[in-house]
Amino acid sequence: MRRWQKILLTAFALLLVLAAAVYWALQQVLATLPLHNLHYQISSVSLRQLQLSHVSFSLEQPKLQVKLSDIQINWQLLNSKITRLQLGSAEIRLLQWPQTTAEHAASQTAPAFPANWQVPANFPDNIDIDQLALQLPCADSDCRYLLSASVSNLAQQLQYRLTAADAASPTQPRLTLSGDYRSVQQLPLLNMQLQLDNSSQLQLHQQLSSENGFSANGELTLVIAPPSPWLLQQLALWQLEIPAQALAGFTTPVSVRSSWQLQLPDKPTLANISSHANGNWQLQAELPAPLMLPGIGQLQGRITATLGLEQGELSRYQLDSQLQLLQPMLPNALLRQGINADVLHISLTADGQDHPQLTALPLQLALRTEGSTTLSLTGAATVNLTPPLSAQLRHGNLELSQAQLTPGSDSQLTNLTLQSQFNAYWLADSWQLDLQTANASIAKLNTADITAHNISLHLDRSRFNGDKAFTDIQLSAEPKISLSQLTHTMLKPVDWQWQAKVSGHLANLKLEARLSNSASLGISHQLHYTADNTRLNWQLEDIYLLAGNPLSATLASWPALLEFNRGRLTGSGELALLPQPNATANLGLSGVSGIYDRSLFRDLTAPLQLQYQGNQLQLSTTAAKLAEINHGIIAGPLTLTAQYQANTSAITAGTLAIAQLQLQAMGGQVQLQPQVLDLALAEQRLQLELKQIDVSQLLAQHPSTDISGNGRISGTIPLLLSRRGISVEHGFIAAESPGGKLQYRPPTAQSMAATNPGMKVVLQALDDFHYSVLSSNVNYDTNGKLLLALQLQGSNPALEAGRPINLTVNLEEDIPALITSLQLSSQISDKIKQRVQQRLQQQGVNNANGAQP
């Protein structure tokens, strides 16, 4: 008796130790799993069975909550096999769809086929799930479904069945998946039937066998009927609503049937199949009524295809695909631009008459659209199905017509057409597009700033190629663009042409081009673009002004009063866009003559340098020279060296540094000492120096010939420049030693002397006045009035034995009127006389209206 007690106690102790070890091992396994908030309760446990009343846990990726109830697991100890796995009920709630990053997707390897297709020996004999409540996030709410499943394993042949119902109607099955699976000679045989809401059905039979090598036989049948009300409701929940128009047209089921009988090599790689395979493949798809494809459109038509292989060579090859895509769903970005089509016709055909091969399967492609965007694409395609895969499209012909295109909110193209012939090639790691010719035309272009008509683009012999990721694109092209009546606020409406040679990679692009217009303006330019440095060099084609001025005929802001009639203009420069904008330009004027307002100028030669950097603009010239200027008074030459600097935000409020300003006039010289002017100030003060002005030439400028003389005068004239005009205060001029001679002999001298004895003495003195002192204060106001206070000291040798005479004379002269008189009386051009007369007429109108001069 005691012996049996000891045995029982020992067995019980071992059982406790075993149970503890199993529990400890279970805890260690559970600790390694990525589970959170794990809770479970064991109802009973024995040597052959484990029952749990509930298990719950959560996962972070994917974000999931799981609750399981009434779990029963039966097993056999001898062969460590689970014989039955039963789940009474379950709740699975997916809180968020898992996010797959690009790095994670790239790291996943392609699935490999198993070497043994047999059902594992330890696969459970029975798996039963009575009820599983599945909750998924859809749109702005949750979608709830009820699932039940059963799998039986009898002699390694699986029988499976899965049913799914809507939680709102749990007794009505909506989806049923059933079938069987087994292996024959360690190769799979699969039968599957899928039925969706008693309407759409899918049947698949697939068998792989090792008879006569390695064969694959199968058949697939798919029937898609018009969707039921429940299915429409579900599609709406998943934001895949079908338009009512599409539903009205979808009245007949769609059917797809395919079968295959293939004899494959022992190692069924793609390379081996393409060289040793035998068999047939058939496909027939009928879409008698439009079928709505979410995100694509309504597809209708038919497809028939037959492919036969003998030792990897094609014995039969036929394809006839005639499809129509109704109301194609294009991206919103294209629709906003006006690109849309009502119907897309797709035709793919092949008759197999040209001895095709898997390395070169021929296809005839034809695409055609109807609607606001009319497109036609045809070509002969060749597809290589052997590794590496490749395809090419030869004799491609593209025609496009668009009545109106809106690329942006403030731009619009009217009557756009495109015609192109091309060849295209695609390889596994690269692609290439060869344009034989391409012609595009646009009747009218409208933007916020630009309007143009009759735009045409022409390309010949152009090539574009790159890698499969479109990250390394290379091109070689010679585009030509022409347009008429280009209108811009800075340009006059003229015709333009642009032709270029473009080559290189998109990250290192080179361009050589020429821009010209109907006004004979031509600019050559070269662009070199890289990701961190972009530079544009340009050269203005020499302009010979005797043949016309293309700048005045092109630029709307060209001063209306400035005219060039001879000389030459040159120019060149560089513009850098990256890493920061900056520009330099060199302009040259050589022998330029013309008219500005009411002045003639002759032989202007000036080098101009322009620099822009960091919002700072600098314009300078060195030793610019003007041979002659005629504003009623002839002067010249004029020499100028100056520099102007300003911020682009206040272009007219910069600083002007004058290093040299010198004018030869009336046998002497007028010059300005080096000075810096701040144009942001309301007033500017300058001081002119007069040197050695010839009195005889000065008096000859006056329209009256009653007075003559000689000598030279010098002095200083302080100028005040303001918004009201030019004025002079306290200027002073004086004759150079030893003086000179004045003769005043008016035709009315005798009558003046007879009526005024004092005037008689003055006229006698000035008849031949030899002066030693001639000085004057000079004042000039903004209304154009010149005041001279003359002091004369000298004598007339013929009067009273040369007695000394001192004279004080106050003179007042209207300088604008004097200049006008000089211009009208001189041999100046008719254009200037016309402008002077127009100015006088306008002043007369202003005076009659009471306007201040």
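**Note on side-chain contacts in a predicted model**

1. A polar contact of 2.8 Å joins the side chains of Gln-669 and Gln-671. The model is predicted, and this note begins with Gln-669, a residue of strand 36, which covers residues 668-672. The side chain of Gln-669 also makes a polar contact with the side chain of Gln-664, at 3.2 Å.

2. Is Gln-669 buried or exposed? Gln-669 is buried, because its relative accessible area is 17% and buried means under 20%. Leaving aside residues up to four places away in sequence, Gln-669 touches Gln-662, Leu-663, Gln-664, Glu-689, Leu-690, Lys-691 and Ile-693.

3. Some totals for the whole protein follow. The protein has twelve helices and 45 strands. It has 853 residues, of which 32% count as buried. Among contacts between residues at least 6 apart in sequence, 46% join residues at least 24 apart. The protein exposes about 49700 Å², and carbon and sulfur atoms supply 57% of that area.

4. How many aromatic pairs does the count come to? It comes to four aromatic pairs. In one of them, Trp-97 and Trp-238 form a tilted pair, with 6.2 Å from centre to centre and 55° between the planes. Trp-97 lies in the loop between strand 4 (81-96) and helix 2 (102-107), while Trp-238 lies in the loop between helix 3 (229-237) and helix 4 (244-249), so this pair ties together parts that are 141 residues apart in sequence. Trp-97 counts as partly exposed at 41% relative accessibility, and Trp-238 is partly exposed as well, with a relative accessible area of 30%.

5. Trp-431 and Phe-470 form a stacked pair, because their ring centres are 5.1 Å apart and their planes are at 25°. Planes under 30 degrees apart count as stacked. Trp-431 is in strand 21 (residues 430-446) and Phe-470 is in the loop between strand 22 (451-467) and strand 23 (474-477), so the pair ties together parts that are 39 residues apart in sequence. Trp-431 is buried, with a relative accessible area of 17%, whereas Phe-470 is exposed, with 52%. Elsewhere, ring pairs link Trp-558, Phe-564 and Phe-601 into a cluster.

6. Which residues make the nonpolar surface patch of about 290 Å²? They are Tyr-529, Leu-575, Leu-577 and Leu-578. Strand 29 (residues 562-578) gives the most to this patch, with three residues. Tyr-529 is found in strand 27 (residues 522-530). Tyr-529 is partly exposed, with a relative accessible area of 31%; patch residues must have over 30%.

7. The structure holds 14 salt bridges. In one of them, the side chains of Arg-302 and Asp-320 meet at 2.9 Å, N to O.

8. Glu-370 forms a salt bridge with Arg-368, and their closest N and O atoms are 3.3 Å apart. Glu-370 is partly exposed, with a relative accessible area of 36%. Arg-368 is partly exposed too, with 40%.

9. A further salt bridge joins the side chains of Asp-434 and Arg-463 at 2.7 Å, N to O. Asp-434 belongs to strand 21 and Arg-463 to strand 22, so the pair ties together parts that are 29 residues apart in sequence. Asp-434 counts as buried at 15% relative accessibility, whereas Arg-463 is partly exposed, with a relative accessible area of 40%. Salt bridges that share partners also join Arg-602, Asp-603 and Glu-628 into one network.

Conventions: Residues are numbered from 1 along each chain as its sequence is written. This is a predicted model: local features need pLDDT of at least 70, side-chain atom pairs count only at pLDDT 80 or more; totals for chains, interfaces and linings use all residues. Side-chain values use heavy atoms; hydrogens and water are left out. Helices (H or I, at least four residues) and strands (E, at least two) are DSSP runs, numbered from the N terminus. Buried means under 20% relative accessible area, exposed over 50%, partly exposed in between (1.4 Å probe, protein chains only). A polar contact is a pair of N or O atoms within 3.5 Å; within protein, one must be able to donate a hydrogen and the other to accept it, and residues adjacent in sequence count only if both atoms are side-chain atoms. Contact means heavy atoms within 4.5 Å. Rings of Phe, Tyr and Trp (its six-membered ring) pair if their centres lie within 6.5 Å; planes under 30 degrees apart count as stacked, over 60 as edge-to-face and the rest as tilted. Accessible areas come from the Shrake-Rupley method with a 1.4 Å probe; for residues, only the protein chains shown count as cover. Patches are made of residues with over 30% relative accessible area and no salt bridge: like charges are joined within 9 Å, nonpolar side chains (Val, Leu, Ile, Met, Phe, Trp, Tyr) within 5 Å. A salt bridge is a side-chain nitrogen of Lys or Arg within 4 Å of a carboxyl oxygen of Asp or Glu.
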